[in-house]
Amino acid sequence: MNIKNLVDFDNGDGVDLFEHTMSVVNKTSSNIYLRLAALFNDLGVDEFSSFASRLKIDKNTRYNVKKLMTFSNVELNTDTRFMSSFIHEIGVDNLDLLFDLKLADISSRTNNLGDCVKELNNLRETYMKFLETKPVIGIKDLDIDGKSLSQMSFDSKLVGVILNDILKKVMNEELENKRNVLEEYVDVKYR
């Protein structure tokens, strides 16, 4: 399916998909990632990838647009483990853009608009407050780093595996993000 196929295409709820798509694009800020994600969101990642290849769009733009498109339909919740994992996956820089995309999409529909917008704005506020608590959402947030693991005599090939393992455990609240706790875990599991 391409953009011209959206014209007169009813998605089942009486909304013309082309009009909906144009409304979403118009309601987003003028960020290139956001606008492209809004334009191609109903067409899919494959259609965007094909378009991006033809226009030789840079890899960074492709990556960020695909992230926004991929996560635009994920149902968000306020569980701290979910938020950590979600923010880790989408990236802090894309989080606010994602909320803009979701808000543009929701406000381009007609049914139950007020409640949905209010709920989304509350979620956005919760996620932003969560970020202010400096949660562990990436390897850089761990209380241990690759240099520390190398000093513990771990092979450089294993350091990345260990850090990713620790990150998952800390994000899932299975390990406390304290250096001594992390060193003990690594000693027991990887020696």
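The protein chain exposes about 11100 Å², and carbon and sulfur atoms supply 49% of that area. Accessible areas here come from the Shrake-Rupley method with a 1.4 Å probe, and for residues only the protein chains shown count as cover. The model is predicted: local features need pLDDT of at least 70, side-chain atom pairs count only at pLDDT 80 or more, and totals for chains, interfaces and linings use all residues. Residues are numbered from 1 along each chain as its sequence is written, and side-chain values use heavy atoms, with hydrogens and water left out.

Next comes burial. Of the 191 residues in the protein chain, 41% are buried. Buried means under 20% relative accessible area, exposed means over 50%, and partly exposed lies in between (1.4 Å probe, protein chains only).

The fold is helical. The protein chain has ten helices and zero strands. Its pattern along the sequence reads α-α-α-α-α-α-α-α-α-α. Helices (H or I, at least four residues) and strands (E, at least two) are DSSP runs, numbered from the N terminus.

What of the overall dimensions? The C-alpha trace spans about 65 × 40 × 25 Å along its principal axes. The radius of gyration of the protein chain is 21 Å, whereas a compact globule of 191 residues would have one near 16 Å. That radius is taken over C-alpha atoms, and the globule rule is 2.2 Å times the number of residues to the power 0.38. Among contacts with a separation of 6 or more, 59% join residues 24 or more positions apart. Contact means heavy atoms within 4.5 Å.

Start the walk at helix H1, residues 17-26. Leu17, His20, Thr21, Ser23, Val24 and Val25 are buried in this helix. What covers them? The cover includes helix H2 (32-40) and helix H6 (92-107).

Helix H4 covers residues 59-71 and holds Thr61. Thr61 is buried because its relative accessible area is 7%. Leaving out residues up to four places away in sequence, Thr61 touches Tyr33 and Leu36.

Further along, the loop between helix H7 (113-132) and helix H8 (146-151) contains Lys134. Its phi is near 55 degrees, a positive value in a residue other than glycine. Most residues other than glycine have a negative phi. Lys134 has 71% relative accessibility, so it counts as exposed.

Where is Glu173 found? It sits in the loop between helix H9 (156-171) and H10. With 51% relative accessibility, Glu173 counts as exposed.

Helix H10 spans residues 179-190 and includes Leu182. Is Leu182 buried or exposed? Its relative accessibility is 0%, so Leu182 counts as buried. Which residues does Leu182 contact, its neighbours within four places in sequence aside? They are Asp143, Ile144, Ile166, Val170, Leu175, Glu176 and Asn177. Leu182 and Lys169 are 13 residues apart in sequence, and their C-alpha atoms are 9.8 Å apart in space.

Glu176 also takes part in a salt bridge, with Lys178 as its partner and the closest N and O atoms 3.3 Å apart. A salt bridge is a side-chain nitrogen of Lys or Arg within 4 Å of a carboxyl oxygen of Asp or Glu. Side chains of opposite charge can pair when their charged atoms come close. Glu176 is partly exposed, with a relative accessible area of 44%. Lys178 counts as partly exposed too, at 42% relative accessibility.

How many salt bridges does the structure hold? There are ten. One of them joins the side chains of Asp141 and Lys140 (3.4 Å, N to O). Asp141 counts as partly exposed at 26% relative accessibility, while Lys140 counts as exposed at 71%.

Another salt bridge links the side chains of Asp187 and Arg191 at 2.5 Å, N to O. Asp187 is partly exposed, with a relative accessible area of 37%. Arg191 has 55% relative accessibility and counts as exposed.

Last, the charges as a whole. The protein chain has 25 positive and 31 negative charges, and their mean positions are 6 Å apart. Lys and Arg count as positive and Asp and Glu as negative, while His and the chain ends are not counted. The place of a charge is taken as NZ of Lys, CZ of Arg, CG of Asp or CD of Glu.
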